[in-house]
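Here is a short briefing to read alongside the model. Have the structure open as you go through the points.

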Amino acid sequence: MGWKQRLAVCLGRLPRRDGTNGGTNRVMTLCSRDLPAAERFSWFCDLVARDMAPHDIVTEHVSDFPASATLLSLGDGIGVSSVAFPAMQSIRSRRLIQRSDPELWVLALVVKGTMQREQGRNHVNPRPGDLVLYDTSQPYWASIATDDLAQSIVLHLPRRTVPVPEQALRRMVATALPSRTGFGALLSQLLGGLVEQGPKLEAGQTHRLASAVVDLTTAFLASLSDADGPQTKAARRVAQLHQIKSFIRARLGEPELTPTAVAAAHHISLRALHYLFRENGKTVGEFIREQRLEHCRADLADPRLAGRSVAEIAIRAGFSDATAFSRTFKTRYGMPPGEYRRSHGEPQSRNNTGRPE
């Protein structure tokens with residue numbers, strides 16, 4: 001197996017940036033020393049492209065590139081990466097953006113080494129302890145100088161999760177952000193603590209941390225942009241609702257998934273939770289039930305799950321009463337689950353080429 005295949009296997013065990021779960025591991029530590037010297041630079045370039053976004057990287061260490069990375073997924077596309085690497089230049093061009101753009105806001109905490117970064121009309125020379133914001137959807141350039149290995153802790157946030165106006169955020173890219181007092185100091189300490197404690201965290205704890213990371217980052221960036229008006233507050237509600245829905249979808253199989261449990265997991269009152277969903281046109285209970293029904297419908301229509309009984313499918317989706325499930329399913333889809341499986345879950349007939357007709 002080549003290094004690209006090995007890297008794909010490793011990253012495949014982590015939840016993907018789109019928020020879906022590609023595996024069960026939330027933390028992965030990778031090191032170029034596990035590969036032959038000639039493959040290490042290509043490995044690092046591919047790691048950066050997969051974990052964040054494609055870059056053109058220029059370095060004097062192509063023949064032997066010492067690097068390591070600890071990747072922590074918090075779910076819903078939010079991730080923290082601690083990366084160590086030698087001196088290099090990194091360029092994200094319009095060509096690369098057109099090829100692939102995960103649409104991330106990226107906040108980097110410089111731990112070791114010195115850096116120059118340019119984006120838009122801004123230029124900054126951050127030093128260890130500084131925070132720098134940049135945008136994967138716009139071209140940028142960075143140069144990292146070090147006699148040994150540089151290190152950065154990088155927070156990746158999908159654009160939809162940051163309820164601060166884009167215009168305000170783009171004014172802050174590649175500028176000196178305060179990191180030694182106030183929100184900046186708290187955020188820097190949180191990022192360092194996530195890298196240190198990440199391997200010890202359970203899956204259920206990481207989602208709660210995601211909420212804390214987004215809230216603190218939003219408070220930090222909003223305070224710098226003076227953007228705390230109606231637009232930001234509305235966007236914050238949208239982002240919070242999206243995050244809560246992702247939390248529910250990831251836990252449909254838990255019978256104890258109730259509005260009260262959801263509110264407690266997000267440190268808000270039950271009344272506040274109901275208010276969020278009222279603006280969305282559904283109650284929390286209705287949304288949970290709909291998601292469970294849709295999960296069952298998809299499983300019943302999947303020929304690969306033909307050996308799984310209807311009752312088992314219902315239980316795995318969080319329904320504890322088979323009779324009530326059957327009645328609810330019929331009301332929603334117009335037929336009992338067994339009949340739905342027979343009419344929708346049969347494998348497609350095949351022609352004489354062996355391909356589906």
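Leaving aside residues up to four places away in sequence, Ile-288 touches Ile-248, Leu-252, Leu-257, Thr-258 and Pro-259, where contact means heavy atoms within 4.5 Å. Please keep in mind that this is a predicted model, in which local features need pLDDT of at least 70, side-chain atom pairs count only at pLDDT 80 or more, and totals for chains, interfaces and linings use all residues. Residues are numbered from 1 along each chain as its sequence is written, and side-chain values use heavy atoms, with hydrogens and water left out.

**Ile-288 and its helix**

- Ile-288 is found in helix α10; helices (H or I, at least four residues) and strands (E, at least two) are DSSP runs, numbered from the N terminus.
- Its relative accessibility is 4%, so Ile-288 counts as buried (under 20% relative accessible area, with exposed over 50% and partly exposed in between; 1.4 Å probe, protein chains only).
- From C-alpha to C-alpha, Ile-288 and Thr-258 are 8.1 Å apart, while in sequence they are 30 residues apart.

**Helix α10 against helix α12**

- The axes of α10 (residues 284-300) and α12 (residues 322-333) come within 11 Å and cross at roughly 85°; axes are lines fitted to C-alpha atoms, for helices over the stretch in contact, and angles run from 0 to 180 degrees between N-to-C directions.
- The two helices, α10 and α12, are therefore roughly perpendicular to each other (65 to 115 degrees; under 35 is roughly parallel, over 145 roughly antiparallel, the rest oblique).
- On the α10 side, Arg-289, Leu-293, Glu-294, Cys-296, Arg-297 and Leu-300 meet Phe-325, Thr-328, Phe-329, Arg-332 and Tyr-333 in α12.

**Aromatic pairs**

- The whole structure holds 10 aromatic pairs; rings of Phe, Tyr and Trp (its six-membered ring) pair if their centres lie within 6.5 Å, with planes under 30 degrees apart stacked, over 60 edge-to-face and the rest tilted.
- One of them is the tilted pair of Phe-44 and Phe-85, at 6.1 Å centre to centre and 45° between the planes.
- Phe-44 lies in helix α2 (residues 40-51) and Phe-85 in strand β4 (residues 78-85), so this pair ties together parts that are 41 residues apart in sequence.
- Both Phe-44 and Phe-85 are buried.
- Ring pairs also link Phe-319, Phe-325, Phe-329, Tyr-333 and Tyr-340 into a cluster.

**The open sheet**

- Five strands form an open sheet in the order β2-β5-β10-β7-β8, with antiparallel pairing; two strands pair if DSSP finds at least two bridges between them.
- The edge strands, β2 (56-58) and β8 (122-124), each pair on one side only.
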